[in-house]
Amino acid sequence: MISTAVQTHEQKTPTVEEMKRAASKQAMMRNLTPAQLRAVAFAQQQVMRAQKARAEKNEREAARNRMWVNSEIEDIQIKTENKTSRRESMDADTFSLRKVQGNVLRSLRTRDHKTLREVSQKAGVSLGYLSEVERGQKEASSELLASITDALDVKLSEMLIMVSERVREYEEAGMR
């Protein structure tokens, strides 16, 4: 406890160089006109706002990273389940090419830690429509699929291969 108080006191004591800089800054400030003083004060406020905004942005990014880490942990837990239990949980009524396509698109998006908003803006598709495509509620045209896969930095052919592999899983499970 005493050592921390001494360290704190030592940290607050300015060095000779710091004192010289402060003295020259004060001397320079005395030579400024009122308009220049206002400009300096305004610039200092801008710097403080920028630092605060940067800190808030870093905090948001850290929160997003924590969210992605948590989702990755959940993904790993899901992937460790074997395929037979996954096939058993498949419901024959829920199979549709639309839903399989949407699930593949969602997995590609979340794998790259992209939000629906980011992908929809980059693909030039409305956020709601992209969400409906991912949930298998809307049928996506070939042009739309091409723009979404471009936004995900994936070739359309690669995405379609992933879809065909999942359809094969359904067929092998006797769900189609």
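This is a predicted model: local features need pLDDT of at least 70, side-chain atom pairs count only at pLDDT 80 or more; totals for chains, interfaces and linings use all residues.
Contact here means heavy atoms within 4.5 Å. Residues are numbered from 1 along each chain as its sequence is written, and side-chain values use heavy atoms, with hydrogens and water left out.

**Overall layout**

- The protein chain has nine helices and zero strands; helices (H or I, at least four residues) and strands (E, at least two) are DSSP runs, numbered from the N terminus.
- Read from the N terminus on, the elements go α-α-α-α-α-α-α-α-α.
- Of the 176 residues in the protein chain, 20% count as buried. Buried is under 20% relative accessible area, exposed is over 50%, and partly exposed is in between (1.4 Å probe, protein chains only).

**The nonpolar core**

- The largest nonpolar core has 21 residues, and those with the most contacts inside it are Leu105, Ile148, Leu152 and Met159. A nonpolar core is a set of buried Ala, Val, Leu, Ile, Met, Phe, Trp, Tyr and Cys residues joined through side-chain atoms within 4.5 Å.
- Helix 5, helix 6, helix 7 (127–134), helix 8 and helix 9 each put at least two residues into this core.
- Take Leu105: setting aside neighbours within four places in sequence, Leu105 touches Val133, Glu134, Leu145, Ile148, Thr149, Leu152 and Met159.

**Helix 5 against helix 7**

- Helix 5 and helix 7 pack at about 115°, with axes 7 Å apart. Axes are lines fitted to C-alpha atoms, for helices over the stretch in contact, and angles run from 0 to 180 degrees between N-to-C directions.
- On the helix 5 side you'll find Arg98, Gly102, Asn103, Leu105, Arg106 and Arg109, which meet Ser131, Val133 and Glu134 of helix 7.
- Sorted by class, this contact has two nonpolar, three polar and four charged residues. For the sorting, Ala, Val, Leu, Ile, Met, Phe, Trp, Tyr, Cys and Pro count as nonpolar, Asp, Glu, Lys and Arg as charged, and the others, Gly among them, as polar.

**Helix 6 against helix 7**

- The axes of helix 6 and helix 7 lie 9 Å apart, and the two helices pack at an angle of about 110°.
- That makes helix 6 roughly perpendicular to helix 7; angles under 35 degrees count as roughly parallel, over 145 as roughly antiparallel, 65 to 115 as roughly perpendicular and the rest as oblique.
- Helix 6 and helix 7 cross in a right-handed way. A crossing is right-handed if the near helix is turned clockwise from the far one by less than a right angle, and left-handed if anticlockwise.
- Leu116, Arg117, Val119 and Ser120 of helix 6 meet Leu127, Leu130, Ser131 and Glu134 of helix 7.
- The residues in this contact split into four nonpolar, two polar and two charged.

**Helix 6 against helix 8**

- Helix 6 and helix 8 cross at roughly 120°, and their axes come within 8 Å.
- That makes helix 6 oblique to helix 8, and the crossing is right-handed.
- Val119, Lys122 and Ala123 of helix 6 make the contact with Ser147, Ile148, Asp150 and Ala151 of helix 8.
- Here the residues come out as four nonpolar, one polar and two charged.
- Ala146, found in helix 8, is partly exposed because its relative accessibility is 25%.

**Two loop residues with positive phi**

- His113 has a phi near 60°, a positive value in a residue other than glycine. His113 is found in the loop between helix 5 (97–111) and helix 6 (116–123), and counts as partly exposed because its relative accessibility is 29%.
- Asp153 isn't a glycine either, but has a positive phi of about 60°. The loop between helix 8 (142–151) and helix 9 (156–172) is where Asp153 is found, and at 58% relative accessibility Asp153 counts as exposed.
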